[in-house]
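Here is a short tour for someone who likes cut-offs spelled out. Please keep the viewer open as you read.

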Amino acid sequence: MGARVDIRYRVLGIRVVLKQGNIQYPISSIQYPYSHSQFVELQSVHVNHAKMTTQEKTVLVTLRKQRWQVEPGKTARQVIQSLDLNPENYLTMVNGQLTDDSVRLKAGDHLKLVAVISGGAHAA
Amino acid sequence: MPRKCRKCQRPAVINMRQHKLALCADHFQEWVVNQTERFIKKYRMFTHDDRVLVAVSGGKDSLALWDVLLQLGYQVDGLYLGLGIDGGFGYSDESRAMCQAFAEKHPETTLHVLDIPTTYGESIPEMAARTRRGKGKPCSVCGLVKRHEMNRIAHDLGYHVLATGHNLDDEVAVLFQNTLNWQVGYLARQAPVLPESPGFARKVKPFCRFYERETATYAIVRGIDYVYDECPFAEGATTIYYKELLNRLEADKPGAKLHFYLAFLKARETLFAHWQEEHVELHPCENCGQPTSAPGLCTFCRLLPEEVRPRVRHAQPIMVKSML
Ligand code: SF4
Ligand SMILES: [Zn+2]
Ligand SMILES: [Zn+2]
């Protein structure tokens, strides 16, 4: 069944899969550059940690043109606070999905902050 | 895992700490639509018999409002004013494109577009520079032009109600500013509904109880494309500064903004129960007919060069309608 996936380098957010063994796992969550929409059965995964780049071991945070790399394991809200930003001013998208900010971030996740404050009164 | 939706246990897209309510994308959309209907009725904004014109800027709030009012089945159309602002990324062009794209997806509604530079020969920043109003920022001229033109167009096209996408953060920022300065006259007039008066449409703010993060969330979950970049002149605006300040308070005390606004609306009833607007005699403007306090020309017509003034009497927006 399914294709055999042998991913040596860019394994992003794969920890869940390793813990659960050989399960059906949406390959889209493995992200760029292995992003396809169909489901593939993961049969074996070889992760070469030595070859992982920092991006794959950390969480990438972006806000407009700004970028940060932060340690995984914190919630989105904690990450925002650790960057000295106010969580009230942003929405959080994790790997392209809008989510409430209590979500805990894994290595390889992309947290995109969407600023919500606008100039306001000038719309009238 | 993120929080779970209170209604269906799926992952929440938003947690509204002031309501202690986390919802998934579907239940959040439903909640926004129902709440808007509730506010429209509570503040007696309009009914299904009224023709409503929404002032759209291409931003999240106004497009989300247009979308919600359509879902609720109101007779609602959009009005976009092209201001001729570029800011290095074609701000006005982009915002107009967003409004048109929205209109094209909704055959049941019409977008009216009036381009200020093509109509009156000058962009808003050019008008501001020529008349030297506003210390390098065109915002006061911009506000004046928008107020006049929205009123005029609503009146000419037979809309009784003018709706704007002001959210709670906009309202509390203004409230905070007016309180710091004790602008009693402004406080007396700050409300979800400004009644109609001869020559002026009723003005309503159906989103006045939603936080800005909620209108943004709504736009995203509904897949509405909006201009994410601000008008270049909004940078450094005092409203933004107050919004950030109030959000710091909100982060420590969830619900502080909502409470400030609702408690004000309540206090307003007693504070201003006997408030009398200073009686000003209004006269029709000699050029455009819109009521104005000083005899002669209204402030908008005074802003225009003499040879351009007659255009105010005939300028009509163009209509954008979906061919779907
Ligand atoms: S920021 Fe100023 S110039 Fe820009 S749209 Fe608002 S009022 Fe007009
Ligand atoms: Zn739900
Ligand atoms: Zn006039």
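A polar contact is a pair of N or O atoms within 3.5 Å; within protein, one must be able to donate a hydrogen and the other to accept it, and residues adjacent in sequence count only if both atoms are side-chain atoms.

## Ground rules

This is a predicted model, in which local features need pLDDT of at least 70 and side-chain atom pairs count only at pLDDT 80 or more, while totals for chains, interfaces and linings use all residues. Residues are numbered from 1 along each chain as its sequence is written, chains are lettered from A in the order in which they are written, and side-chain values use heavy atoms, with hydrogens and water left out.

## Around A:Asp109

Let's begin in chain A, where A:Asp109 sits in the loop between strand E6 (97–99) and strand E7 (110–115); strands here are DSSP runs (E, at least two residues), numbered from the N terminus. A:Asp109 counts as buried because its relative accessibility is 4% (buried means under 20% relative accessible area, exposed over 50%, partly exposed in between, with a 1.4 Å probe and protein chains only).

The side chain of A:Asp109 makes a polar contact of 2.9 Å with that of A:Asn95, and one of its polar atoms lies 2.8 Å from the backbone nitrogen of A:Lys106. Beyond neighbours within four places in sequence, A:Asp109 is in contact (heavy atoms within 4.5 Å) with A:Thr58, A:Val59, A:Leu60, A:Val94, A:Asn95 and A:Arg104.

## Two positive phi values

A:Asn95 belongs to the loop between strand E5 (90–94) and E6 of chain A. A:Asn95 is partly exposed, at 33% relative accessible area, and its phi is positive, near 50 degrees, though the residue is not glycine.

In chain B, B:Gln9 is also no glycine and has a positive phi of about 70 degrees. B:Gln9 is found in the segment before strand E1 (14–16).

## Where the chains meet

Between them, chain B and chain A bury about 2700 Å², with 53% of it on carbon and sulfur atoms; buried area is the accessible area (1.4 Å probe) that two parts lose on being put together, summed over both. Of the area that chain B buries against chain A, B:Arg213, B:Tyr228 and B:Asn247 supply 23%, more than any other three residues. The contact involves 28 residues from chain A and 36 residues from chain B.

Conventions
Helix = DSSP H or I, 4+ residues; strand = E, 2+ residues; numbered from the N terminus.
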